[in-house]
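User: Hey, I'm new to this one. Can you walk me through it?

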Amino acid sequence: MSVDETGSVPSPGLSPNLARLAATVARLRDEVDHAHAVADGRALIELAKGVLMERLGCGPGDAARQLATLAERSGVTRLEFAADVVGDAAKDRLSEVAAEFVARTDESGEDTSVTVRLRTAESGVLAADDTQRAAEAILEHALRPLGATAVAVWLAGPDGSLTLVGAAGFSTEEAVRWRYVPPGVSTPAQAALAERDSVWFPALSSSGLPSIGQHALAVGTRIAIPTGTGGRIIGVAEICWPNQVNLEAGRMQRQLEALAELCAHTLENVEGGAAASTAHLATGVLGELVDFVDGLPDPALLLSPCHDDDDRFGDFRIHHANPRFVDPGGRPPARLIGARLLEMYPLAAEEGGLLDKIHRVHATGEPFRDQNTTITTSVDQVPLPVLADVSISRLAGTVLLGLRLQDDAAKLTTLLQHAQRLGRIGGFEENPVTGAVLWNSELFALYGLPSTASPLPLARLADYAHPDDSPSIGRFLRTLLHHRRSASTAFRLQRSDGVSRYIRVVAEPVVDSRGDLLGIRGAYQDVSAQHWAEVALSATRDRLAATEQQAIERNRLTLQLQHAIMPPARDPLDVAGIRTAVRYRPAEKENLVGGDWYDAVALPSGEILLCVGDIAGHGIDAATGMVNLRNALRGLAATGAGPAQLLTWLNLVAYNLTNHVTATAVAALYNPTTRILRWARAGHLPPILRHRGQTTTLPLIQGTLLGAVPEVTYQEEQLHLDNGDVLLLYTDGLIERRDRPVQDSITHLVGLVDEHDGDLDKQLDALLTYSTADTDDDTCVVAIEVTAKS
């Protein structure tokens, strides 16, 4: 590969002549850049010579020789030494930044020409008469060595808008396209204004924010830096790198901020020459501001920025208080003037407090207003929060703070406004003589009208109401206007936007001593929510009444069905060798009617079927389930099968042929000839047997409740009964209590059977009488007593 005489590598594909021409253009560009650098360096050297002439009292020649001698002794170039001399003479922020970066680069062994670059950039900016030339000087002398390729300088408007007043490194078309950014548009510069601090964007495309050069530099890094002086933010400098670079904010931050501050004085020229700080305001200007504040009808303070010994801005001084200002702590205005804001109101420094709001207004120029700001002052070292109407605005370099404390009348007015808003109440006044009508803002909202619309007189009330409400509105107006009495009515408001609201209007006449009508005042209230709540409540009551009636009818039907199949008492079986007795006590409450059943019937085989059962649940479903199982068991018993087999089949019926019925049951077959009793249980309470004067329960043999699972095997037992033995089958309504275990209740029942001997019917009546059950459930009892054969 060949290299031409300029040291450049010709681009492939170019003819030799074109390659030579390109090399010549590159060489001439380098010479021009070098000439610019030499010129800038010469300007800096001449500035240093001027400083030495003033300090040493010598001529130009002696100053030049002193500069060369001192630079040689210091071991630096004349340009670097000139930058140090200018920096020492200026003692400004740029000098501070330059000294810091020189110290850092000396330690790291990096390029030590940062001071020269900063001073050279400063010389170019100070020589520039507009922001565009300042941006070009900063980019050329200071930013390109840092790898940046573009810079944009924005002027911030009081409304939050941005105007591009300087751009370097971007195309002309791109600068024209971004010459103005309206308020409210999110951009990197807007983000820096909002944060009032530098904001880094590692890649613009990932942030989603649009800005100048967004397509060409989408993957590049950029920083937006607010710029201004004296605490005021005048604009934003936006610096761009073409690629994603790892820039250490701590290392670069102050240098870039110093470069951004170089644009501040040109931005002030664009802004109209406004002073950067009230410390430099002319006395006449401050006097005019004082006269202006004194002429305001509201209480106000005039604040001027003040700086500490290091010339750092942080607080405001109370320059003036107009005669209407009332201190929240009760101090006279004369005591406030000249003091710092934080001295008088130290609690204003809390996060997001009054001082932060004042700083933001002073920095951005964007006014602030809040009618309900809490101001905390200190009275006798006790914090005292008060509610105030606060307004803050910037006047030149000062801040105007309006501070109206809310007195009791103002608080009552505010409370009334909130009450009207919460109650959706709109007030009005009407003069029938002049026809003037006055509405408050809430009434416009109720009618769906803009605040600029003309209020409607009462005479046109029917025009905006449902036609069916015209008679009631007519009575309302006659009572109010003709009879001169207070009146109220409700109507359906038909708004122009199609919304219908239920409104109640209340009004009273204002009359003089002769009874003449002078005015009408009243209020409208939106009662739509109350109306619809009443409608819904009425409908709910109707539904509840219908449901209650249906429940009563349903319970009555259930009870009738149960009584038809299960009468409370029935005639005993006429079978030789036994006496039978049955009792059925229905639930005391109709809604608790359940599915208890019993049966005692003689089968064709000569055996006696004895059974009791209890369907889970109450109501019509339980009653119909009881009918199904009772009738099914009767039919199955005619087959001659034993009790265990009967319950197995009955389980299949409950599981497959009913509506998910579950039940407990005891089934027994008694043979009067052999006196053998066979029995089985399906989850039911065990029968009670009194045998030869001793009462016990039969054993709890195996058996799952009916309808729970499809296939169940039941255990069957048998026993021999003697003369005088009594067998008792019952449901849980006879013994169940909420406060006692079931086993204790069974033990109590065994005792009752033991205590009451004699006639079988009297025994069952005694059991029902002395039962301690408290669940109001159905109760079924079946008893047999073995007697001598006739």
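User: Which residues line the largest cavity?
Analyst: Val-726, Leu-728, Leu-752, Val-753, His-756, Leu-760, Gln-763, Leu-764, Leu-767 and Ala-783 do. A cavity here is a set of points, on a 1 Å grid over the protein atoms alone, where a 1.4 Å probe fits but cannot get out, and lining residues have an atom within 4 Å of a point.

User: Before we go on, what kind of model is this?
Analyst: It's a predicted model: local features need pLDDT of at least 70, side-chain atom pairs count only at pLDDT 80 or more, and totals for chains, interfaces and linings use all residues. Residues are numbered from 1 along each chain as its sequence is written, and side-chain values use heavy atoms, with hydrogens and water left out.

User: Back to that cavity. How much space lies in it?
Analyst: About 60 Å³ for the largest cavity. A volume is the space filled by probe spheres set on the points, with grid points joined across faces, edges and corners.

User: Which element gives the most to the lining?
Analyst: α23, with four residues. At least two lining residues each come from β25 (726-730), α22 (742-755) and α23 (760-770). Those labels are DSSP runs numbered from the N terminus: helices are H or I with at least four residues, strands are E with at least two.

User: And how does the lining split by class?
Analyst: Eight nonpolar, two polar and no charged residues. Ala, Val, Leu, Ile, Met, Phe, Trp, Tyr, Cys and Pro count as nonpolar, Asp, Glu, Lys and Arg as charged, and the others, Gly among them, as polar.

User: How many cavities are there in the whole structure?
Analyst: The search finds four of 30 Å³ or more.

User: How many bridges join β1 and β2?
Analyst: Six, between β1 (residues 150-156) and β2 (residues 162-168), running antiparallel. Within β2, Thr-163 is the bridge partner of Leu-155.

User: What about the sheet with five strands, what order is that?
Analyst: That open sheet goes β13-β12-β16-β15-β14, again with antiparallel pairing. β13 (437-439) and β14 are its edge strands. On average, neighbouring strands are turned by 25° against each other, direction ignored.

User: How many residues sit between β14 and β15 in their hairpin?
Analyst: Five, and Gly-498 in the turn has a positive phi of about 90°. Eight bridges pair β14 (residues 487-494) with β15 (residues 500-511); Ala-490 has Arg-504 as its partner in β15. Helix α18 (residues 470-482) lies across β14, β15 and β16 (517-526), at about 140° to β14.

User: Last one: why is the Tyr-447 and Tyr-464 pair edge-to-face?
Analyst: Because their planes are at 75°, with ring centres 5.9 Å apart. Rings of Phe, Tyr and Trp (its six-membered ring) pair if their centres lie within 6.5 Å; planes under 30 degrees apart count as stacked, over 60 as edge-to-face and the rest as tilted. Tyr-447 is in helix α17 (residues 441-447) and Tyr-464 in the loop between α17 and α18, 17 residues apart.

Methods. Two strands pair if DSSP finds at least two bridges between them. On a 1 Å grid over the protein atoms alone, a cavity is a set of points where a 1.4 Å probe fits but cannot get out, and a pocket is an open set with protein on both sides within 12 Å along at least five of seven lines; lining residues have an atom within 4 Å of a point. Axes are lines fitted to C-alpha atoms, for helices over the stretch in contact, and angles run from 0 to 180 degrees between N-to-C directions. Contact means heavy atoms within 4.5 Å.
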